[in-house]
Amino acid sequence: MSTMKLVAVSGGLGHPSRAAALAKAITEAIAARMPIDAHAISVADLVQDLAGVISAKSAPASVSEAVTRIETADALVVTTPVYRGSYTGLFKHLFDLVHHEALIGKPVLLAATGGSDRHSLMIDHQLRPLFAFFQSLTLPLGVYANDSDFSNYEVSSDALKERIQLAVESGIGYLELRG
C-alpha cells in the first residue's frame, strides 16, 4: 500500500482550537490504520492573508500553498466550528478558492465542533452539500463534537474517541483506494 497524502483543514479562527484538535485526533486515527503523509492547514493561520483574496491566482503565498495542498491531496479531513448553524465564513472562503474540479472523487471525512449537540446536523446540512458541489466522496460518517468532549483543547471524551474510530472504520476502504 502506498502512502496517502492526507490534508486536514481546520476552520477554527483562533488558537487553540477545538476544531484543530478534532482534526488532529482524526488524522492520528487514520495514521494508525494506514500509511499517510499528513499536512494540517489551519484557517486561523491564514486569517490575515485570506481576507480580501478574490482569486487563488492573486493570493498571497500562504493561501496559494494551502489551496495547492488541498487540490493535490489524496484525501481530506475537514473540521470547522459551528457558528450560527454553519461553518465559518473564512473556511468557506478558503474553499471558494479551490478549483471546482480539483476534489472530484476525493474522499473527505467531515467533522464539526459546537457548543451543544443541537448543531450536530450541520455536517449533513452544510458540509455535505459544500463537498457535493465539488463532487467529492464524502465518507459515510461525520464526526460531531461539543465543547464537553474536550479538556484543554484536547479530545478527552471516550464517546468522541469511539465516534472518531467508527468514522475511520466506516471510511477506511475508501481511503485505502486513494492511498
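How much space lies in the largest pocket? About 180 Å³, where a pocket is an open set of points on a 1 Å grid over the protein atoms alone, places where a 1.4 Å probe fits, with protein on both sides within 12 Å along at least five of seven lines. The volume is the space filled by probe spheres set on the points, which are joined across faces, edges and corners.

Before you click: this is a predicted model, so local features need pLDDT of at least 70 and side-chain atom pairs pLDDT 80 or more, while totals for chains, interfaces and linings use all residues. Residues are numbered from 1 along each chain as its sequence is written, and side-chain values use heavy atoms, with hydrogens and water left out.

**Stop one.** Select Ser17, Arg18, Pro81, Tyr83 and Thr113: of the 15 residues lining the largest pocket, these lie nearest its centre. Lining residues have an atom within 4 Å of a point.

**Stop two.** Now pick Phe133 and Phe134, an edge-to-face pair at 5.2 Å centre to centre and 75° between the planes. Phe, Tyr and Trp rings (six-membered ring for Trp) pair if their centres lie within 6.5 Å; planes under 30 degrees apart are stacked, over 60 edge-to-face, the rest tilted. Phe133 is exposed at 53% relative accessibility, whereas Phe134 is buried at 3%; buried means under 20% relative accessible area, exposed over 50%, partly exposed in between (1.4 Å probe, protein chains only).
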